[in-house]
Structure formats: C-alpha cells, structure tokens
Amino acid sequence: MQPKRLGTRLALSYILLAACIMAVFTAGTGAALYLQMRAQTVRFAIEDIETIEGLLAFTPDGRVTLREDYHNHPESRKVVDRYVEVLTPDGAVLYRNERLAGETLGGAVIPNEGVGGYSPRRTNLADGTPVVLVSRHHVLAGHPILIRLGQTEEPIYRAMELFAIAAALMFPLVIGASTFAARRVSRSILAPVQAIAVRAGQITSNRLHERIPVHGTGDEIDQLADVFNQTLARLDDSFRQLRQFTADASHELRTPLAAIRAIGEVGLDHDGSKHEYRELVGSMLEEVNRLTRLVDDLLMISRGDAGTIQLNSAPVPMLDLARDTISLLEPLADEKEQTLDLRGDERATVEGDPVFLRQALINVVHNAVKYSPRNETIFLRVDRETPGFVTVSVQDAGPGISPEHASRIFDRFYRVDQGRSRDIGGFGLGLAIAQWAVEAHRGAISVSSEPGDGSTFRISLPDLHPGQE
Ligand code: ADP
C-alpha cells in the first residue's frame, strides 16, 4: 500500500535510497577489506616462507629441522605463530612445527603444487580452523622438498566482525540522519506546492481575477504557478464572456417581451373593432417571430459552444449553394429593388454540411441586403483564385464599416449602430453564427471595407479538389 501524502512518499524513497547506498557501500567495503587482508596475509606468508627456506636443514636421520639459530632469528617469533609443514614431492612428511600438533596442513600434495612460484589457497585444519596456505617447491641440499606455510584466517574474521558491528551501529545513525534530511528536503520542496494548493482552493468563480504568487526564480514551482495563472486568466475570460452573453441575451429577450406585454395591455384597455384586434394580434405575432428567431440563434450559439452540433459532411458545390441563398433572399432584395448578381466557378466544391454553410452565407448576404440602399447591386463571386481554397465574396453598397468596428462585428451581440440594426431586425448574432459555421469547416471569414464605400465579406473554405482545373 502506498502512503497518500507525496511528502511521505518522497521521504520514504529518500530513506530507502540511503539504506540501499549504505548496504551496497558496506558490502563493497567489507569485500574490499577482506580481499586486501587476505592478500596481505598471503604476502606475509610468502615472506615467512623465504625466511624459513634459509633456516631449514636435514637431520642425520633424513628428516628436516629448523636450524639452531632459528630461535635467535629476528623473524622467528613471527614464524612460530604460523603452521609449517615440509614434505617430499610425493607427500612424505619431513617436518611439522609444534603448532600443527601432528595434524596435516593441506592434505595430500596437489600436482605441481608450489612449482614455479608460490601457490596460495584456502584450507581448513583438522579442528576446522580456516587458514591461508602458501606452498613453495624448494631444493634443500640437492633434495626437492615442498614447504607449506599456513596462517590462520581468524584475525581476518575478527576484523570483519568488528567491521560488521561498526556498520550495524552506523546503520540506524545513517537512517536517522537521512530521515531527518529527507523530511526537511521534502517539506521545503512541497511547501510552495501546498501554498499553491491553498491559494488555488481560495479562488472561486467570482474571484477568478486573483492570481497565484510567482516568485521569479523560474523553477518548476514558478512554472506551475505560471501555468495555473494562465489557466485562471483563460477561465476568467470565459466566465466574463459567459456573463456578458447572458446579460446581452436577457437584454435582447426583454425588448420583444416588453413589446408583447404593451400590445396586450393596449388590447385589454381598449374596446376596439375586430379589425383593430386582428392588427394587435398581428403585431404580437411579429414580436413572437422576432423572439423565436432570437431564441433559435441563441440555441445555435450555445450548441456550437457546447460542441453538440454534428456536422453531416458531403461535397457541396458552392455556386449551387450561393444560388439557393439568392433564391431565399430574393424577395427581400426585390422589396428594396436590389439586384443580386452571382458569378463564379461551377467546379468550386468544398466538403461540409450544407445546412450550416448555407446559414453562414444567408447571414452575410442578408446583411448586404439589409445594409445596402435601394436600387443597388450586390455582387456574389465564387472563385478558386487562392490556391487550395474556395472563396465566396459578397460585395455590397452599404455604409461600410470603419476599422475599429470591423474587428468587432463578429463578436456576439455587437452592432455598429445599435438603434438602426435593431430597427432592421438584427440581434448582432448573424456574423457570430456565420463565423462559427465557417470555422467549424476549417475556413475563415473576413471583411474589408471603406466607410462610405460598401463592404466585401469573404468566406474561404478548403477546396475539395485542390489543383484540379
Ligand atoms: P445584425 O443581425 O445586427 O446584422 P450581425 O452579426 O449580422 O448582426 O452584424 C453585426 C453588425 O455588423 C451589424 O449590426 C452591423 O452594424 C454590422 N454589419 C454587418 N454586415 C454589414 C454590412 N454588410 N454593411 C455594414 N455593416 C454591417
């Protein structure tokens, strides 16, 4: 089971790492110490053999002894501590020192033992004492002999035991120190993260303008705070837009509702003829129609925002789509005696949902009709002049749009002239919807305009057959 707190997990990993390092270090140092002590023991044994070689002599009965002056030799005291055995090459015992107490040192002779150098190996005495044994082939008074010198490994074992005890005592100290360090380090790392969490917890939807403090160190914590602040800024922006949208929508809904109520009140207060009532009901229905259009637009925008609109894509010939749009809007244009002039490339085809693409085009052409004076001509062109794109341009003879408004007319509820646009039936949502529909088809919509000299709206969509003539 993993502990839940990150600080505890960090500290535990740190302690575990310290314990592993300590264990590896202890094992490594122990092994190195053992090997070094053993090598030293072998070295001493070789030196001792060299000493013994000079002190050996045959007795008259053919055995071997250490010479008289042995006990006066400066090295003799050391040599007395060793186990010494001298054999003939075929294993007959010529000499054993007192320490061996008659026991064998290393058993039967191994082929080539001690020939051409010193052969070190480990062995046990009869009583189990572990010894390092060094053998050396030697010629004494013309007879080949094998000198074996053993040195107990017990001092090595005692040193290793001491080392193990010291390591075992150090272990809790090291773990204690690393626990202390781990807690301090994990606290100092996590304290700023906790501070961010506490601060973030205090930021509610109506305090989205608040920010997490950035200390300017440029470290990961600062980066985290920075990313969090950017998210907050985006959220703040979205919330503000949402609040604005709700306020604007409510405001727009109020106008037709107030009109319906006023017309109703007039009807109730008034004893009129059947014809007058019909007119009142007619006005009411007009407002209801206006309300319905507004609600439809709002619904479309909120579904677009929520991403619940499913596009049913198919190849759409744009000139045909423009013809459809014109036939829908011709009655309105006829009322103002305007001409809708359409020309273009029959092969210009895009991939998309004709319903939404038509809606985008209707909104733009409807504006051109609404804002152009009587008797004017509105030019619609469908071309493939920009490689890879089909462009539909709608050029009108309206009042034009100044640059400061041009950048905002695609915003929801934005109207250059509030009163005039409302009078001619606009809510300021048509271009926002057109922009959504075009962008949902990976296209772009833009306007170029000279105030007083008409406007040209351009819708560009990816060409379904790029490069085909
Ligand atoms: P509306 O329904 O009010 O026309 P739109 O979103 O379609 O809303 O347009 C936003 C605003 O952009 C309009 O209120 C109008 O001021 C301006 N506008 C749009 N099209 C044109 C045009 N062709 N000529 C001049 N102004 C336009």
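Two strands pair if DSSP finds at least two bridges between them. With that in hand, look at serine 135, which stands opposite arginine 148 in S7. Helices (H or I, at least four residues) and strands (E, at least two) are DSSP runs, numbered from the N terminus. The model is predicted: local features need pLDDT of at least 70, side-chain atom pairs count only at pLDDT 80 or more, and totals for chains, interfaces and linings use all residues. Residues are numbered from 1 along each chain as its sequence is written, and side-chain values use heavy atoms, with hydrogens and water left out.

**Around strand S7**

- Strand S7 (residues 143-152) has 8 of its 10 residues buried, so the rest of the structure largely encloses it; buried means under 20% relative accessible area, exposed over 50%, and partly exposed in between (1.4 Å probe, protein chains only).
- Strand S6 (residues 130-140) runs antiparallel to S7, and 10 bridges join the two.
- The hairpin of S6 and S7 has 2 residues between the strands, and alanine 141 there takes a positive phi near 50 degrees.
- Strand S3 (residues 83-87) is also antiparallel to S7, joined to it by 5 bridges, and valine 84 has leucine 149 as its bridge partner in S7.

**The five-stranded sheet**

- Here you have an open sheet of 5 strands with mixed pairing, in the order S9-S11-S12-S14-S13.
- Strands S9 (339-344) and S13 (444-449) are at the edges with a single partner strand each, so one side of each has no neighbour in the sheet.
- From one strand to the next, the twist averages 15 degrees.
- Strand S12 (residues 389-395) and strand S14 (residues 455-462) run antiparallel and are joined by 7 bridges, with phenylalanine 389 opposite proline 462 in S14.
- Helix H6 (residues 318-335) lies across S9, strand S11 (377-383), S12 and S14, running at about 175 degrees to S9. Axes are lines fitted to C-alpha atoms, for helices over the stretch in contact, with angles from 0 to 180 degrees between N-to-C directions; contact means heavy atoms within 4.5 Å.

**Pocket and cavity**

- On a 1 Å grid over the protein atoms alone, a cavity is a set of points where a 1.4 Å probe fits but cannot get out, while a pocket is an open set with protein on both sides within 12 Å along at least five of seven lines; lining residues have an atom within 4 Å of a point.
- Grid points are joined across faces, edges and corners, and a volume is the space filled by probe spheres set on the points.
- The largest pocket holds about 900 Å³ of space, and 40 residues line it, with Asn363, Asn367, Lys370, Tyr371 and Gly430 closest to its centre.
- H7 supplies the largest share of that pocket's lining, 9 residues.
- The pocket lining divides into 17 nonpolar, 14 polar and 9 charged residues (Ala, Val, Leu, Ile, Met, Phe, Trp, Tyr, Cys and Pro count as nonpolar, Asp, Glu, Lys and Arg as charged, and the others, Gly among them, as polar).
- The largest cavity has about 30 Å³ of space, and its lining is 7 nonpolar residues, with no polar and no charged ones.
- Helix H7 (354-371) and S14 each give at least two residues to the cavity lining, and H7 gives the most, with 3.

**Positive phi in loops**

- Asparagine 112 is not a glycine, yet its phi is positive at about 65 degrees; asparagine 112 sits in the loop between strand S4 (93-96) and strand S5 (118-124) and counts as exposed at 63% relative accessibility.
- Glutamate 337 has a positive phi near 55 degrees, lies in the loop between H6 and S9, and counts as partly exposed at 48% relative accessibility.
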